Amino acid sequence: MFNLLAQVSSDPSLTLTTSETSSAAAATGFMAFFAAYAIFVLAIYVVAIVALWKLFEKAGIAGWKSIIPIYNGWLLFQMAGKPGWWSLVSLAGIVPVLGFIAVIAQFVLYILAALELGKAFKKDTTWTVLFLIIFNIVGLLILGFGKDKYRSEEHTSELQSLAYLVCRLLLEK
């Protein structure tokens with residue numbers, strides 16, 4: 001038995017060189033990093049779904065709709081009083097020529113919707129920028145699990161226009 005071990009350890013074709021060893025270690029390290037990154041991204045995704053679930057329930061929308069990727073964006077834009085089709089702009093990102101422009105357009109549209117969503121929960125602009133734009137998931141968790149109430153008819157830009165307020169004052173008298 002020891003004879004067999006001595007032959008295996010002394011056979012140069014069965015031993016790894018330094019470059020092969022470092023390549024194997026690099027590949028193992030890369031796979032470990034990728035696995036940890038995938039777990040981290042999955043955890044963030046689950047937290048985002050939970051936040052949207054609670055937010056949708058506050059708005060009277062079934063919480064399970066937060067699981068469907070494009071549809072949850074559609075509903076989020078509608079909650080903010082914006083057209084739901086704005087969420088479809090993100091799909092243009094897969095077209096090579098339009099990709100960069102679509103990403104910028106989607107970001108601008110999301111900022112507009114986030115500002116209106118903040119108004120729907122009676123949050124000021126500073127809070128909205130900090131928690132719904134910069135620290136998005138934290139803001140959604142605060143809105144979803146907090147005591148703030150969703151006010152759909154009070155926040156949209158059309159309803160806050162001067163003409164609407166004048167008509168509302170005249171009709172109340």
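I started in helix α2 (residues 18–58), which holds both Phe33 and Tyr37, 4 residues apart, about one turn of the helix. Helices here are DSSP runs (H or I, at least four residues), numbered from the N terminus. The model is predicted: local features need pLDDT of at least 70, side-chain atom pairs count only at pLDDT 80 or more, and totals for chains, interfaces and linings use all residues. Residues are numbered from 1 along each chain as its sequence is written, and side-chain values use heavy atoms, with hydrogens and water left out.

I then searched the whole structure and got 5 aromatic pairs. Phe33 and Tyr37 are one of them, stacked, at 6.4 Å centre to centre and 15° between the planes. For a pair, the ring centres of Phe, Tyr or Trp (its six-membered ring) must lie within 6.5 Å; planes under 30 degrees apart are stacked, over 60 edge-to-face, the rest tilted.

Next I looked up accessibility (buried under 20% relative accessible area, exposed over 50%, partly exposed in between; 1.4 Å probe, protein chains only). Phe33 counts as exposed because its relative accessibility is 56%. Tyr37 is at 47%, so I noted Tyr37 as partly exposed.

Trp85 and Trp86 form an edge-to-face pair, 6.5 Å centre to centre with 85° between the planes. Trp86 is buried at 14% relative accessible area, whereas Trp85, at 49%, is partly exposed. I also found that ring pairs join Phe77 to Trp85 and Trp86 in a cluster.

Last, I checked for a charge over a ring (NZ of Lys or CZ of Arg within 6 Å of the ring centre and within 35 degrees of the ring normal). The charged end of Lys123 sits over the Trp127 ring, 4.8 Å from its centre.

Notes: Helix = DSSP H or I, 4+ residues; strand = E, 2+ residues; numbered from the N terminus.
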